[in-house]
Structures are given as structure tokens and as C-alpha cells.
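Here are my notes on this model, point by point. Please read them with the structure open.

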Amino acid sequence: MKSFIRSKWVLAAPALMIATLVFQNTAWSQAESAVSIPAPQQDEAPAGAHLETAVFAGGCFWGVQGVFQHVKGVTSAISGYTGGKARTANYETVSMGMTGHAESVQIIFDPTQVTYGQLLQIFFSVAHNPTELNRQGPDYGTQYRSAIFPMNESQTKIAQAYITQLNQSHSFSAPLVTTVEQDAHFYPAEKYHQNFLNDNPNYPYIAINDIPKVEQLKQFFPALWSDKPVLVKF
């Protein structure tokens, strides 16, 4: 089920002061903390000069997109929906939690600057909490599940091996619930969802839940940090 208030914030966009007063004492004030984890033991070999695609789902796509827009080597990060049909790939329908879609982010990256394994490390460490089943922070429902949508067999093997590695090393306090879902199609989200973190840094949901993720990216992965975000252009 969609977090009702977040949905209404997007559609109605009330004053930030009112929203802050209403929610300052709720669960929204409990931001997730990043976890320092080892790099994947299995990763792609250094590639030539070409672009590659990755698709991840880790709760609300605002924060996931905002994190990966600041990763060096990422040339594009687009919010969208993955796992369901084209006819249901819209915010209101996905928010019902019955479409099979997950709020996701399609990442285009240069593997000579950042590897698929490094993106996975950021995904698990900073972008979301992979031990929460069908929820992230204040949002709950299958559309907020932790999922990886590999584009090829190599990505599938790397993702599955890394999940096993992290579980065996007990890098988290609980087992990972991240699914690896193949043959899923990505559908871009509506324009008003794109660059949401960048354009609304003081929005209460963003300020509480997502800005800390961007700051933790800079702290945990300084070599991959890019101060200038790669924004979706219209």
C-alpha cells in the first residue's frame, strides 16, 4: 500500500511548513543509516568505452535516483516503474500495490569509470536498506520492495553472488530480502518525479529520508562522488 501522505504531497503540494508541523514527530524523522560493507568479490572485468544499463528498486525512487545522480561515471539516472505491464506503469496505479511494479531507477553508466559491482555496493550500502521486506522507511507495499533487475546473465550472476556474499559475511543485522528479477521492462515515471530530490531538497520527506543518503554517499564512497548531479533533461 502506498504511503498515503507522500502520495498526497506530490499531487497537492501543500505548504512545507504545514507538512513539517504535521510529521515532525512521526516515523519520518527516523532516517536510515548507511552500512559499511565489503566490495563484491565477483564483478565485471574492465570494459572498453561503452555504456551499460542497470535497474535497481529500493523504496521511493526519489532518494535512489538522487543518490545515483551523484555517482561518478553515471551518465543518466531516471525514475520509473519495473516489474509490471505497460498499461499499469503510472504513479496512481502503481501506488495501489497490485501491479507487480516496483518504483525503480534506470542507471546508465560508463563501466570504465564505475563497475556494476560498485553500483551494487552503493545500492546496498547507501541507497536503501536491503533487509526490509516490501517497505522502506515510512513507505510500505510491494512497489517499495528491494529488487535488482539485471540486463544480462553477467549482471544476474554478479548480483546473486553479492547477495550470498553479504549474507554469509553477516554484513547486515538481518538477511537480505532483495530479489533478482529477470526479463522485466523499465518504464519512465512522470516528469514531476524526475530530479525530485535535486529540485526539492527542503521538502520534508526528502530532507528527512533522502538527503542523508546523498551525504552518506559522499562519506562512504569519496572516490565515486560527483558533486554535480546528472539530471534528467526534458
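1. Strand E1 (residues 52-58) has 6 of its 7 residues buried, so the rest of the structure largely encloses it. Buried means under 20% relative accessible area, exposed over 50%, and partly exposed in between (1.4 Å probe, protein chains only). Helices (H or I, at least four residues) and strands (E, at least two) are DSSP runs, numbered from the N terminus.

2. A word on the basis. This is a predicted model: local features need pLDDT of at least 70, side-chain atom pairs count only at pLDDT 80 or more, and totals for chains, interfaces and linings use all residues. Residues are numbered from 1 along each chain as its sequence is written, and side-chain values use heavy atoms, with hydrogens and water left out.

3. E1 has pairing partners. Two strands pair if DSSP finds at least two bridges between them. E1 runs antiparallel to strand E3 (residues 102-109), joined by 5 bridges. In this pairing, alanine 54 is opposite isoleucine 107. E1 also pairs with strand E6 (residues 146-148), again antiparallel, over 3 bridges. Here glycine 58 faces serine 146.

4. Cysteine 60 sits in the loop between E1 and H3. The unreviewed UniProt entry lists Cys60 under "active site". UniProt positions are in the numbering used here, feature names are shortened, and annotations may be inferred rather than shown by experiment. Is cysteine 60 buried or exposed? Cysteine 60 is buried, at a relative accessible area of 4%.

5. Helix H3 (residues 61-68) is largely enclosed by the rest of the structure, because 8 of its 8 residues are buried. Among them are Phe61, Trp62, Gln65 and Phe68.

6. Phenylalanine 68 deserves a look. Setting aside neighbours within four places in sequence, its contacts (heavy atoms within 4.5 Å) are Phe56, Val74, Ala77, Ile107, Leu119, Ile122, Phe123 and Ala127.

7. Now the cores. A nonpolar core is a set of buried Ala, Val, Leu, Ile, Met, Phe, Trp, Tyr and Cys residues joined through side-chain atoms within 4.5 Å. The largest has 50 residues, and Phe56, Phe68, Leu119 and Phe124 have the most contacts inside it. Helix H5 (residues 116-127) gives the most to this core, with 8 residues. Another core, of 8 residues, lies apart from it and includes Ala57, Ala102, Ala147 and Phe149.

8. Finally, the whole chain. It holds 8 helices and 8 strands. Of its 234 residues, 54% count as buried. Among contacts with a separation of 6 or more, 81% link residues 24 or more positions apart.
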